[in-house]
Amino acid sequence: MITIMKPIKSIRSIYNQNDIYMLERIGPYSIINDNHQGLIVLDSSWNEVKRIKVDENLFYPEASYIDYVNNRMLFKLEAFLCLVDIESSGVKLIELPDDLQDIYFSNLHCFCKDHIMIDTSKNVVSLDLIDFKITELELASVDEYPFNEYQNRYNGIVMYFRKNKLICHDSGNIIIIDGTSVIEIPDVVSIKYYQLIASNTYLLAIGENQLQLINLENASESKFISFSSPCYCVGADIFEEQDKIHISLLLNNDWEEFVRVEEYAFTFDELQGNVVL
């Protein structure tokens, strides 16, 4: 049995109008990119609230970090760090020293009120959000979460960090840490995936052609969602609201050169048979 699901929200954009490659949920807002010029801020119904311009042709993020408390985003651009305040629309560009411009910035980070620390292929880069001074720290000297958990228990294994949840995937288990609790489940992921993210109750494995949704309370229960060709998934998010699972997706269609930005809401038991989007 094939089940066709319909989105509760959707945006369709042609590549040459706005090649959307970003979808983030911050407080009451959803954020998408405005081509390579900056950000478009959407309300809860995905109506445009405002646009925040960074630069005409500068905005090619290599990594992004979110302050969910103060509604801020930090982007690693080629030669700059870019701090964006979603509420005030303020933008601050901080030039990186030459020796930090070409290194890899990972998703492991700690976004505090007055500074952010980011793990890189060189050292931990710390940016003071008051005077915007950049310093380098040895990983062993950083004891804030999630660095302490990663360094003490999971260093060297496959790691994903998003929405304050550290997800580590070793040879036979998946461990999810949120700073106060640890959930460990057997490795039941059976699809080819490029990212793992989690809500409080579910783990989502994201692949280009398929999603696998795993119940953390009973890891033997999985649901699968496929994408109708020629669409493929380039980004996803998951959250829970009013007893519903919400999944937001970025689906590219290179044949017709457009992107679908969609949000779906459902319960776990509603996913029956072969679900296709």
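**Figure 1. A negative surface patch in the predicted model.** Glu78, Glu95, Asp98 and Asp102 form a negative surface patch in this structure, which is a predicted model. One of these residues, aspartate 102, sits in the loop that runs between β10 (91–95) and β11 (105–111). Aspartate 102 has a relative accessible area of 73% and is therefore exposed, the cut-off for that class being over 50%.

Figure 2. Threonine 120 belongs to strand β12, which covers residues 115–120. Its relative accessible area is 9%, so threonine 120 is buried; the class takes in values under 20%. Not counting residues up to four places away in sequence, threonine 120 touches Ile103, Tyr104, Phe105, Ser106 and Val125. Leucine 108 is twelve residues from threonine 120 along the chain, and the C-alpha atoms of the two are separated by 8.4 Å.

Figure 3. The loop between β14 (134–137) and α1 (147–154) contains proline 146. With a relative accessible area of 1%, proline 146 is buried. Its contacts, leaving aside neighbours within four places in sequence, are Leu108, His109, Cys110, Phe161 and Leu166. For one of these contacts, Cys110, a C-alpha separation can be given: proline 146 and cysteine 110 are 36 residues apart along the chain, and their C-alpha atoms are separated by 6.9 Å.

**Figure 4. Threonine 201 between strands β19 and β20.** Threonine 201 is found in the loop that joins β19 (195–198) and β20 (202–206). Threonine 201 counts as buried because its relative accessibility is 18%, and the limit for buried residues is under 20%. When neighbours within four places in sequence are left aside, the residues in contact with threonine 201 are Ile214, Asn215, Leu216, Glu217 and Glu240.

Figure 5. The whole structure holds twelve salt bridges. In one of them, the side chains of glutamate 263 and lysine 9 meet at 3.5 Å, N to O. This pair links distant parts of the chain, with glutamate 263 in strand β25 (residues 258–266) and lysine 9 in strand β2 (residues 9–14), 254 residues apart. Both glutamate 263 and lysine 9 are buried.

**Figure 6. The salt bridge of arginine 260 and glutamate 262.** A salt bridge joins the side chains of arginine 260 and glutamate 262, with an N to O distance of 2.8 Å. Arginine 260 has 14% relative accessibility and so counts as buried. Glutamate 262, at 7% relative accessibility, also counts as buried.

**Figure 7. A salt-bridge network of Asp34, Glu48 and Arg51.** Salt bridges link Asp34, Glu48 and Arg51 in a network. Within it, the side chains of glutamate 48 and arginine 51 meet in a salt bridge of 2.9 Å, N to O. Glutamate 48 counts as partly exposed because its relative accessibility is 45%. Arginine 51 is likewise partly exposed, with a relative accessible area of 47%. Partly exposed residues fall between the cut-offs for buried, under 20%, and exposed, over 50%.

Key:
Residues numbered from 1 in each chain as written. Predicted model: local features only at pLDDT ≥ 70, side-chain atom pairs only at ≥ 80, totals over all residues. Heavy atoms only, no water. Helix = DSSP H or I, 4+ residues; strand = E, 2+ residues; numbered from the N terminus. Buried < 20%, exposed > 50% of the residue type's maximum accessible area, 1.4 Å probe, protein only. Contact = heavy atoms within 4.5 Å. Patch = residues over 30% accessible without salt bridge, like charges linked within 9 Å, V, L, I, M, F, W, Y side chains within 5 Å. Areas by Shrake-Rupley, 256 points an atom, 1.4 Å probe, with all protein chains shown as cover. Salt bridge = Lys/Arg side-chain N within 4 Å of Asp/Glu carboxyl O. Lys, Arg positive; Asp, Glu negative; His and termini not counted. Charge placed at Lys NZ, Arg CZ, Asp CG, Glu CD.
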